[in-house]
Amino acid sequence: MKKTKEFLIPFIGLKLGKHHFEYQINNSFFEIFDYNEYQDSNIKVNVVLEKKSTLLELSFKHKGVVNVPCDLTSEDFDLPVKGKMKLIVRFGEEYNNDNEELLILPHGEFEVDIAQYIYEMIVLSVPLRRVHPGVKDGSLKTEALTKLNELIVKEEKKENKQEENIDPRWDKLKQLLTDK
C-alpha cells in the first residue's frame with residue numbers, strides 16, 4: 001500500500017477542540033489499496049477530530065455511491081452507501097492497532113494516517129449481495145431477463161399438457177380416498 005499525504009492529519013499543531021476535515025473519494029483512492037471491485041465511486045467523507053489533552057477522538061461519516069455489477073443480472077448500477085465510525089487515538093509505548101475502535105500511537109508521534117480507516121469503513125458499508133433496484137421493483141429491462149421470462153412461459157405450457165394426459169386409473173384411486 002502506498003502512503004498518501006492527503007490522509008495524514010498532523011495533530012501536533014492543532015488547538016484543543018474540534019477540527020473538521022472533508023475528503024472526496026473516487027476510484028483512485030481504492031487503487032492505493034489494490035481494490036478494484038467498483039467500476040466507479042463518488043463518496044464524500046467527513047472527519048471530525050476532537051483533540052483533548054490526553055487523546056484524540058475521530059468521527060468518520062461517509063455518503064455517496066459506488067457503481068457495481070448486480071449479482072443477479074450483471075448489470076452495472078449505482079449503489080448508494082453511507083456509514084459512520086468512531087476511533088479513539090491514545091498514546092503509549094508502541095504502535096498498536098489491534099482494536100478496531102482504539103489506535104495507540106507511540107509517544108512523540110505528530111500525525112495520524114486515516115486512509116486505512118476510511119477504506120475499511122467504505123468497503124464494509126457495501127452489502128455482500130448487490131441487487132439492482134430494477135430487479136426488486138420489476139422495472140429492469142435486459143435481454144437476459146426477457147429471455148428468462150420467455151422460458152418461464154414455455155415451462156408453464158408444458159406443465160399444463162402433462163395435467164391433461166393424466167392416466168384415468170389415478171382418478172379411480174383418488175375416489176377411493178374421498179369415498180371414506
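Trainee: Which residues does asparagine 27 touch, not counting residues up to four places away in sequence?

Mentor: Please keep in mind throughout that this is a predicted model. Asparagine 27 is found in helix α1, and its side chain reaches the backbone oxygen of tyrosine 38 at 3.1 Å. Once residues up to four places away in sequence are set aside, the residues touched by asparagine 27 are Tyr38, Gln39, Asp40 and Ser41.

Trainee: Does asparagine 27 count as buried or exposed?

Mentor: The limit for a buried residue is a relative accessible area under 20%. Asparagine 27 has 18% relative accessibility, and therefore it counts as buried.

Trainee: Asparagine 67 is another asparagine to consider. With which side chain does asparagine 67 form a polar contact of 2.8 Å?

Mentor: Asparagine 67 has its place in strand β4, and at 16% relative accessibility it counts as buried. Beyond its neighbours within four places in sequence, it is in contact with Tyr38, Gln39, Asp40, Asp76, Phe77 and Asp78. The polar contact of 2.8 Å joins the side chain of asparagine 67 to that of aspartate 78.

Trainee: What is the phi of aspartate 34 near?

Mentor: Most residues other than glycine have a negative phi. Aspartate 34 is found in the loop between α1 and β3, and it is exposed, with a relative accessible area of 71%. Its phi is positive although the residue is not glycine, and the value is near 55°.

Trainee: Let us turn to the sheet. In what order do its five strands lie?

Mentor: The sheet is open and its pairing is mixed. The edge strands, each of which pairs on one side only, are β2 and β6. Neighbouring strands are turned by 20° against each other on average, direction ignored. The order of the strands is β2-β3-β4-β5-β6.

Trainee: How many bridges join β3 and β4?

Mentor: β3 and β4 form a hairpin with four residues between them. Within this pairing, valine 47 stands opposite phenylalanine 60 in β4. The two strands pair in the antiparallel sense, and the number of bridges is twelve.

Trainee: Over how many bridges do β2 and β3 pair?

Mentor: Histidine 19 stands opposite leucine 49 in β3, and tyrosine 23 stands opposite valine 45 in β3. The sense of the pairing between β2 and β3 is antiparallel, and the number of bridges is nine.

Trainee: What is the relative accessibility of valine 45?

Mentor: Valine 45 lies in strand β3. Apart from neighbours within four places in sequence, it is in contact with Phe21, Glu22, Tyr23, Ile25, Lys61, His62, Ile118, Met121 and Ile122. Valine 45 counts as buried because its relative accessibility is 0%.

Trainee: Which element supplies the largest share of the largest nonpolar core?

Mentor: This core has 38 residues, and those with the most contacts inside it are Ile25, Phe29, Phe60, Ile114 and Ile118. The elements that each supply at least two of its residues are β2, α1, β3, β4, β5, β6 and α2. The largest share is seven residues, and the element that supplies it is α2.

Trainee: Phenylalanine 29 has been named within this core. How do its ring and that of phenylalanine 30 pair?

Mentor: A search of the whole structure finds eleven aromatic pairs. Both phenylalanine 29 and phenylalanine 30 are buried. Their ring centres are 5.5 Å apart and their planes stand at 75°, so the pair is edge-to-face.

Trainee: Which residues do ring pairs link into a cluster?

Mentor: Phenylalanine 29 is in contact with Phe7, Ala115, Ile118 and Tyr119, leaving aside its neighbours within four places in sequence. Phe7 and Tyr119 also belong to the cluster. The cluster linked by ring pairs consists of Phe7, Tyr23, Phe29, Phe30, Phe33, Tyr35, Tyr38 and Tyr119.

Definitions and conventions. Residues are numbered from 1 along each chain as its sequence is written. This is a predicted model: local features need pLDDT of at least 70, side-chain atom pairs count only at pLDDT 80 or more; totals for chains, interfaces and linings use all residues. Side-chain values use heavy atoms; hydrogens and water are left out. A nonpolar core is a set of buried Ala, Val, Leu, Ile, Met, Phe, Trp, Tyr and Cys residues joined through side-chain atoms within 4.5 Å. Buried means under 20% relative accessible area, exposed over 50%, partly exposed in between (1.4 Å probe, protein chains only). Contact means heavy atoms within 4.5 Å. Two strands pair if DSSP finds at least two bridges between them. Axes are lines fitted to C-alpha atoms, for helices over the stretch in contact, and angles run from 0 to 180 degrees between N-to-C directions. Rings of Phe, Tyr and Trp (its six-membered ring) pair if their centres lie within 6.5 Å; planes under 30 degrees apart count as stacked, over 60 as edge-to-face and the rest as tilted. A polar contact is a pair of N or O atoms within 3.5 Å; within protein, one must be able to donate a hydrogen and the other to accept it, and residues adjacent in sequence count only if both atoms are side-chain atoms.
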